[in-house]
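Hi everyone, thanks for coming. Today I'd like to walk you through one structure, so please have it in view while I talk.

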Amino acid sequence: MGKLFICDHPLIQHKLTYIRDENTKTKDFRELVDEVATLMVYEITRNLPLEHVQVKTPVTTADCRIISGRMLGLIPILRAGLGMVDGVLKLMPAAKVGHVGLYRDPDTLQPVEYYVKLPTDVLERELIVIDPMLATGGSANMAIEVLKRRGCTQMKLMCLIAAPEGIKAVQQEHPDVDIYVAAVDDYLNDHGYIVPGLGDAGDRLFGTK
């Protein structure tokens, strides 16, 4: 079963409060999401393997460590996932970015795939699938399935807020994928929105309705 990690650092929780606030304007909302994504990267990359290297300092030679193993790839689920990408790239600028485009049918609440574009070396990378909201789990499950169909085997899921229903759905469908979130909320309402949540992340990021 994939593990659930809640990133409960005080700075993340502080900024998440303002992200939830309906009075937070688009510019501030976008900046806060970007900042929380940066902070969450510390947790999601905590177990990256290291290797020893020798570095010549101005004084002597030092035994240091650098990241080894697979490179990272970021896979935002369009369109809301785009709001978290730059925050991750601030700390991991060498990561490549692919895109999976999904939208949720308003009647069935099921995801519909409309676009997939991945780095040419995607199979050589450890992937972070990014979406601010993990609600029903349908979009995350489909995005992960899209990647697995193309041969990807190592990936994690990164979200701001999750509903228990979405966590359960992903863990059942993809038990090999760990989930990183800033908060687990109460439940989904009849329209598939997370309660208390933050509304529609895409609309709030891009100022649309």
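I'll go through the strands, then a pocket, then the salt bridges, and end with a surface patch.

First, some ground rules: this is a predicted model, where local features need pLDDT of at least 70 and side-chain atom pairs count only at pLDDT 80 or more, while totals for chains, interfaces and linings use all residues. Residues are numbered from 1 along each chain as its sequence is written, and side-chain values use heavy atoms, with hydrogens and water left out.

Let's start with strand E4, residues 71-78. When I say helix or strand, I mean a DSSP run, numbered from the N terminus, with at least four residues for helices (H or I) and at least two for strands (E). Strands pair if DSSP finds at least two bridges between them.

Which strands pair with E4? One is strand E8, residues 125-130, which runs parallel to E4 and is joined to it by 6 bridges. There, glycine 73 stands opposite leucine 127. Another is strand E5, residues 96-97, again parallel, over 2 bridges, where leucine 74 has valine 97 as its bridge partner. E4 also pairs with strand E6, residues 99-104, in the parallel sense over 2 bridges.

Now look at valine 100 in E6. Isoleucine 77 stands opposite this valine, and in E7 its bridge partner is valine 116. E6 and strand E7, residues 111-117, run antiparallel and are joined by 6 bridges.

Is E4 enclosed or open? 7 of its 8 residues are buried, so E4 is largely enclosed by the rest of the structure. Buried means under 20% relative accessible area, exposed means over 50%, and partly exposed is in between, with a 1.4 Å probe and protein chains only.

On to the largest pocket, with a volume of about 680 Å³. A pocket here is an open set of points on a 1 Å grid over the protein atoms alone, where a 1.4 Å probe fits, with protein on both sides within 12 Å along at least five of seven lines; lining residues have an atom within 4 Å of a point. The volume is the space filled by probe spheres set on the points. The lining has 30 residues, and those nearest the centre are Ala80, Arg104, Asp131, Ser139 and Asp200. Among the elements giving two or more residues to that lining are E4, E6 and helix H4 (138-149).

Next, salt bridges: a side-chain nitrogen of Lys or Arg within 4 Å of a carboxyl oxygen of Asp or Glu. How many does the structure hold? There are 11.

One of them joins arginine 20 and aspartate 185, at 2.7 Å, N to O. Arginine 20 lies in helix H1 and aspartate 185 in the loop between E11 and strand E12, so the pair ties together parts 165 residues apart in sequence. Arginine 20 is partly exposed at 24%, whereas aspartate 185 is buried at 7%.

Lysine 27 and glutamate 31 form another, at 2.9 Å. Both lie in helix H2 (residues 26-44), 4 residues apart, about one turn of the helix.

Finally, the surface: Leu4, Ile6 and Val184 make a nonpolar patch of about 210 Å². Such patches use residues with over 30% relative accessible area and no salt bridge, with nonpolar side chains joined within 5 Å. Areas come from the Shrake-Rupley method with a 1.4 Å probe. Valine 184 lies in strand E11 and is partly exposed, at 33%.

Notes
Patch = residues over 30% accessible without salt bridge, like charges linked within 9 Å, V, L, I, M, F, W, Y side chains within 5 Å.
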